[in-house]
Amino acid sequence: MDSRESTLRHDIVWACRKLAEAGFIAASDGNVSSRLADGFYLITPSGRPKAELDVNDLIVVNDQGGVVSGSGKPSSEFRLHLLVYQKRPDVNAVVHAHPPLLTAMTLAQVPFPAEVFPEVWLTVGPVPTAPYATPSTEAVPRSVEPFLGRHNAVLLARHGSLTVGRDVRHAYYRLEKMEHAAKSLLAARLFAGNLPDPLSPEELEQLGRAFS
Ligand SMILES: [Zn+2]
């Protein structure tokens, strides 16, 4: 194993622990992957509590999902991860989790309004919700596919979140920002009885100019 692979393995294990500690997953929920080399990917194993994973538990798969090294089975959502890498050459990491508030928004059928928060708008962009699909099946990538080319995050109805990034930390922190924003939305709704207004198109344009 070269030092790059070792760093990527440590990054994935770091993200798994963060996901569990933050309560973004429970038990064996969620999965994390990273692009390893041309046509090869590191991914978390299926059915294991993520907080307990060690760097040696990760699995290397090829672009068909075939196991190249590692014991156990790759995450059952490996098709979703592979589709992201296919569609987004700029993406090197994918995080799928079950964050309680973002998932609750899909249950309540409330779209996630990224355009309410300047920071979320700048660092994540618009966040669509993909229609419900049976977890772990081919239906999940199919439901998400229409959104993958243009979005850095997608909510999966009745299921959870998908965030992507240039590396594992980038993908993880996008999720952290979104779930944190969802807490503020919930609090705002409790205070005011409704969700806050989005920023206006002019304010969003100014924001884009200020940070370009
Ligand atoms: Zn899931």
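Author: In this predicted model, a residue is called buried when its relative accessible area is under 20%.

Reader: Is His 96 buried or exposed, and what is its relative accessible area?

Author: The cut-off for a buried residue is under 20%. His 96 falls below that limit and is therefore buried, with a relative accessible area of 1%.

Reader: Which residues are the protein donors of the zinc ion, and which spacing do the donors follow along the chain?

Author: Three histidines, His 96, His 98 and His 159, each use the NE2 atom and lie 2.1 Å from the zinc ion. Along the chain, the donors follow the spacing H-x1-H-x60-H.

Reader: Why does the pair His 96 and His 159 tie together parts of the chain, and how many residues apart are those parts in sequence?

Author: His 96 belongs to strand β5 (residues 93-97), whereas His 159 sits in the loop between β7 (153-156) and β8 (160-165). His 159 is also buried, at a relative accessible area of 9%.

Reader: What is the strand order of the open sheet, and which are its edge strands?

Author: The open sheet has eight strands with mixed pairing, in the order β4-β3-β2-β1-β5-β8-β7-β6. An edge strand pairs on one side only, and this holds for β4 (67-69) and β6 (129-130).

Reader: In which sense do strand β2 and strand β3 pair, and what is the bridge partner of Phe 40?

Author: Strand β2 (residues 40-43) pairs with strand β3 (residues 59-62) over four bridges, in the antiparallel sense. Within β3, the bridge partner of Phe 40 is Asn 62.

Reader: What span should helix α6 have, and how far apart are its end C-alpha atoms?

Author: Helix α6 covers residues 168-192, that is, 25 residues. At its start, a side-chain oxygen of Asp 167 comes to within 3.3 Å of the backbone nitrogen of Arg 169, and the helix is followed by Gly 193, whose phi is positive, near 85 degrees.

Reader: Which element gives the most to the largest nonpolar core, and how many residues does it give?

Author: This core has 38 residues, and those with the most contacts inside it are Leu 19, Val 32, Phe 112, Val 127 and Met 178. Elements that supply at least two residues each include α1 (3-21), β1 (31-37) and α3 (100-107). The element that gives the most is α6, with eight residues.

Reader: How many residues does the second, separate core have?

Author: Among the members of this core are Ile 43, Tyr 85, Ala 133 and Phe 147. The number of residues in the second core is 22.

Key
Residues numbered from 1 in each chain as written. Predicted model: local features only at pLDDT ≥ 70, side-chain atom pairs only at ≥ 80, totals over all residues. Heavy atoms only, no water. Donors = N, O, S within 2.8 Å, 3.2 Å for Na, K, Ca; no water. Buried < 20%, exposed > 50% of the residue type's maximum accessible area, 1.4 Å probe, protein only. Pairing = 2+ DSSP bridges. Expected span 1.5 Å × (residues − 1). Polar contact = N/O pair within 3.5 Å; in protein donor to acceptor, adjacent residues only side chain to side chain. Core = buried A, V, L, I, M, F, W, Y, C linked by side-chain atoms within 4.5 Å.
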